[in-house]
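Here is a quick tour of a predicted model. Have the sequence and the structure open as you read.

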Amino acid sequence: MADNLDLPEATVQNILDQETLKWVFVGGKGGVGKTTCSSILSILLAGVRSSVLIISTDPAHNLSDAFQQRFTNTPTLVNGFNNLYAMEVDPTVENEDVGGPEGMDSLFSELANAIPGIDEAMSFAEMLKLVQTMDYSCIVFDTAPTGHTLRLLQFPATLEKGLAKMMSLKSKFGGLLSQMTRLFGVDDEFGEDAILGRLEGMKEVIEQVNKQFKDPDLTTFVCVCIPEFLSLYETERLVQELTKFEIDTHNIIINQVIFDDEDVESKLLKARMRMQQKYLDQFYMLYDDFHITKLPLLPDEVTGVEALKSFSHHFLSPYQPSSNEGTVEKLERRISALKQQISDAEAELEKLRKGKEKA
């Protein structure tokens, strides 16, 4: 069993101390609390940086719910802050985003649809192009569940394949493409060269950003999970994929942990604690060189700026259960609770006995 005392300090302070960080990705399995964690990280970073932008790339946006404020696809100042901005982007391309005349739109859409994943790749490139024109000290990504996130990291390769495919088509059917663009009523300014130029420009942007993503001084990925088998498995898969993509990751946040507080007497909670401890031990064994932050399971949701700020202190100092092992007060409370349980059980038994005698 892992001894927590032998492990590095279990906080996210190392992220706040790394002044060179430009991109912070927060990801993991669906439903583990990624949005809450990314929102709190952005709040903490806003305390030590000049300006911070948090972007949600999950189609099921939750940032608006977390901050209890409406966000759109343009950066909006978060209420209560003067240097924290938020935006929600849908990683799918739409015709109105493409630009150009109607013939260009339909031709471009058809070509985009012919290359799997290129629509998302182009949309992501457009978003990165927009972000790069803004002067933010740090950008936090609240990503979609693991599968979508891994696809997002593959976008540079997807664009490269798309460009190679279109270049191949141009070399084979260059004359035909020219005739088609004229048939659609598209002049040379919006012909196939313009399409290829657009793809080439996007590829250039995404490759430039990809270099930054692979630089551990500029980028890190924070994995969020819960102490259960499927989440452990998904985290392991994510860490392996990040290693393959050469993206730095050295922080894991384990959310919804049930601690052995003095008021935990429920058999169900005790059973869940034992189950969680088994997986917590595995996390510490697998990721002994990671900064592992454990967050407590709360009775209420963490929504709104004040609730997020209040919960943020658990990110900077390890959660301490309210119980103090071996104290007289704790033992007295436990004895009192056990006496009450015995008294209730005896009363229930007496009722059953009387019921049997009447029968």
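## Aromatic pairs

There are 12 aromatic pairs in the structure. One of them brings W23 and F213 together edge-to-face, with 5.3 Å from centre to centre and 85° between the planes. This pair ties together distant parts of the chain: W23 belongs to strand β1 (residues 23-28) and F213 to helix α9 (residues 192-213), 190 residues apart. How buried is W23? Its relative accessibility is 0%, so W23 counts as buried. F213 is buried too, with a relative accessible area of 4%.

F311 and F315 make another edge-to-face pair, at 6.2 Å centre to centre and 80° between the planes. F311 counts as buried at 7% relative accessibility, and F315 does so at 0%. Going back to W23, ring pairs also join W23, F25, F141, F213 and F221 into a cluster.

## Lysines over rings

Two phenylalanine rings have a lysine to look at. K309 places its charged end over the ring of F81, 4.9 Å from the centre. K244 lies over the face of F245, and here the distance to the ring centre is 5.9 Å.

## The sheet and its helices

Which order do the strands take? The open sheet has 8 strands, running β3-β4-β2-β5-β1-β6-β7-β8, and the pairing is mixed. β3 (76-77) and β8 (291-296) are the edge strands; each has a single partner, so one side of each lacks a neighbour in the sheet. Further in, β1 pairs with strand β5 (residues 138-142) in the parallel sense over 4 bridges, and V26 stands opposite D142 in β5.

Now for the helices. Helix α10 (residues 229-244) lies across β1, β6 (219-225) and β7 (251-257), and runs at about 165° to β6. Helix α11 (residues 267-286) also packs on the sheet, where it touches β6, β7 and β8, with its direction at about 175° to that of β7.

In soluble globular proteins, nonpolar side chains tend to be buried together. Here the largest nonpolar core has 37 residues, and the members that touch the most others are W23, I55, I139, F141, I252 and I254. What does I252 contact, once its neighbours within four places in sequence are set aside? The list is C223, C225, T235, Y287, F290, H291, I292 and T293.

There is also a second, separate core of 35 residues, with I15, A86, V140 and F315 among them. So F315, buried at 0% relative accessibility, has a place in this second core as well as in the edge-to-face pair with F311.

Key
Residues are numbered from 1 along each chain as its sequence is written. This is a predicted model: local features need pLDDT of at least 70, side-chain atom pairs count only at pLDDT 80 or more; totals for chains, interfaces and linings use all residues. Side-chain values use heavy atoms; hydrogens and water are left out. A nonpolar core is a set of buried Ala, Val, Leu, Ile, Met, Phe, Trp, Tyr and Cys residues joined through side-chain atoms within 4.5 Å. Buried means under 20% relative accessible area, exposed over 50%, partly exposed in between (1.4 Å probe, protein chains only). Contact means heavy atoms within 4.5 Å. Rings of Phe, Tyr and Trp (its six-membered ring) pair if their centres lie within 6.5 Å; planes under 30 degrees apart count as stacked, over 60 as edge-to-face and the rest as tilted. Helices (H or I, at least four residues) and strands (E, at least two) are DSSP runs, numbered from the N terminus. A charge sits over a ring if NZ of Lys or CZ of Arg is within 6 Å of the ring centre and within 35 degrees of the ring normal. Two strands pair if DSSP finds at least two bridges between them. Axes are lines fitted to C-alpha atoms, for helices over the stretch in contact, and angles run from 0 to 180 degrees between N-to-C directions.
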